[in-house]
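Try each task before you read its solution.

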Amino acid sequence: MPTYAEMGREELAGLKARLEAEHARIKARGLALNMARGKPGADQLDLSVPMLGLLATAEDCRAEDGTDCRNYGVLDGLPEAKRLMAAMVEEDPDNVVVGGNSSLTLMYDAVARCWSFGVLGSAPWCRLETVKWLCPAPGYDRHFGITEAFGIEMIPVAMTADGPDMDEVERLVAGDASVKGIWCVPKYSNPGGATYSDDAVRRLAAMECAAEDFRIFWDNAYCVHHLYDDAAEQDRLMDIGAACREAGNPDRYFKFASTSKVTLPGAGISAIAASPGNIAEIKARMGAGTIGYDKLNQLRHVRFLRDAEGLAAHMARHAAILRPKFDLVDAKLEEGLAEVGGCSWSRPRGGYFVSFDAPQGCAKRAVALAKEAGVTMTGAGATFPYKRDPRDSNIRIAPTLPPLEELAEAMDVFTTCVKLAYVEKLLG
């Protein structure tokens, strides 16, 4: 069977009429389905509800060192919470600060500190004529939102199966002192699902940077979000902290992680980890703005997840819920689009997203058609800085929130809309 690009105009016109009729039938159903954000489904949230009842008495509210967690104090986190988060980010607990429910807040605050005060004696970025940032793309839209909010010039860098295009990264950081940072989602990247290769991690750690205050923002959001049991062997990620120390650049990285999709996104805990010098400066700066984060929530999380083994067991229960959803997305895309031509998509081994590439010039139209039909997707272009996808191709699919039945329905709508958008483009 010919692909759409191989069809004649008469055949395409007939196909367009059939697809428009199908789209009209879908619109008439009045659907309201949502695949816009990577939210856990209700059955995933139910896994962590028992955590909420763990602190029932005053004695329950005491940490292991006797701290009354109902009161003020403990700027950088309870020792047991620091150990738990250190296991997630592969860092010494002394080099971890435990925050509130959002690692995004910690990332924003880290940029703000560099912007207002500089880092380890360097000039505050706000005093510089230009500040630039490397943005592997497709990437995480909320990362781009932070740097855009500060007026930082964002430079897209292509993502590969092994991480960012390191030849381009090395060229940019070596020749321009105004390039101050890079966003990285190094494991099961958002949205493509790639895990950085050892070579990419080593090169990031060792590369020559014109800016002595260059920082790698290592957002390891999906470090424990495996879909398959062989993750420890197949999806291993080299530790950026160890790589930076080995390369003689111990201060180059900031690591971030959270329990947002481990327990309850609105009531999790987060962490930033870095070198001792960076951590000392972070605590000195943050002490002006807070006496400490929610220790009761830290205590709940430690009592519930316990340690690395308890965390892994909990995440295996998440994986059992999510695997069928990712399998369904792949099956629906294969079934609906295999003969269309010009489409490709990721098959991630973990994380929360599938990265879909429509035929060039079709993403915005496909997302708009889906919206008309009652299926809300992440906006086309959102995975690129300034929401500018040069090919108008990439669409992030977030399959985690809908129940399986709704997800199947949403994917059928989506594939219909991709086909209609492509036929419209071909007919010009």
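**Exercise 1.** Is R396 buried or exposed?

*Solution.* Two ground rules come before the steps. This is a predicted model, where local features need pLDDT of at least 70, side-chain atom pairs count only at pLDDT 80 or more, and totals for chains, interfaces and linings use all residues. Residues are numbered from 1 along each chain as its sequence is written, and side-chain values use heavy atoms, with hydrogens and water left out.

Step 1: find R396 in strand 13 (residues 394-397). Helices (H or I, at least four residues) and strands (E, at least two) are DSSP runs, numbered from the N terminus.

Step 2: check the accessibility. R396 has 2% relative accessibility, so this residue counts as buried. The cut-offs are under 20% relative accessible area for buried, over 50% for exposed, and partly exposed in between, using a 1.4 Å probe and protein chains only.

Step 3: look for polar partners. The R396 side chain has a polar contact of 3.5 Å with the side chain of D141, and one of 3.3 Å with that of N190. A polar contact here is a pair of N or O atoms within 3.5 Å; within protein, one must be able to donate a hydrogen and the other to accept it, and residues adjacent in sequence count only if both atoms are side-chain atoms.

Step 4: Not counting residues up to four places away in sequence, R396 touches a set including M35, R37, Y140, F353 and M377; touching, or contact, means heavy atoms within 4.5 Å.

**Exercise 2.** Work out the strand order of the open sheet, and find its edges.

*Solution.* Step 1: trace the 8 strands, which run in the order 2-9-8-7-6-3-4-5 with mixed pairing. Two strands pair if DSSP finds at least two bridges between them.

Step 1: pick out the edges. Strand 2 (96-98) and strand 5 (163-164) each have a single partner strand, so one side of each lacks a neighbour in the sheet.

Step 2: see what packs on the sheet. Helix 3 (residues 79-89) touches strand 2, strand 8 (253-258) and strand 9 (270-273), and its direction makes about 115° with that of strand 2. Axes are lines fitted to C-alpha atoms, for helices over the stretch in contact, and angles run from 0 to 180 degrees between N-to-C directions.

Step 3: compare pairing senses. Strand 9 runs antiparallel to strand 2, with 3 bridges, and antiparallel to strand 8, with 4 bridges.

Step 4: look along strand 9. S270 and I272 point one way, A271 and A273 point the other way, and all are buried. V97 has I272 as its bridge partner, while K255 stands opposite A273.

**Exercise 3.** Which residues make side-chain polar contacts with D176?

*Solution.* Step 1: locate D176 in the loop between helix 6 (166-175) and strand 6.

Step 1: list the partners. The D176 side chain makes polar contacts with the side chains of K132 (2.7 Å) and S178 (2.6 Å).

Step 2: tie this back to the sheet. K132 has V179 as its bridge partner in strand 6.

Step 3: check the chain separation. D176 and C209 are 33 residues apart along the chain, with their C-alpha atoms separated by 8.0 Å.
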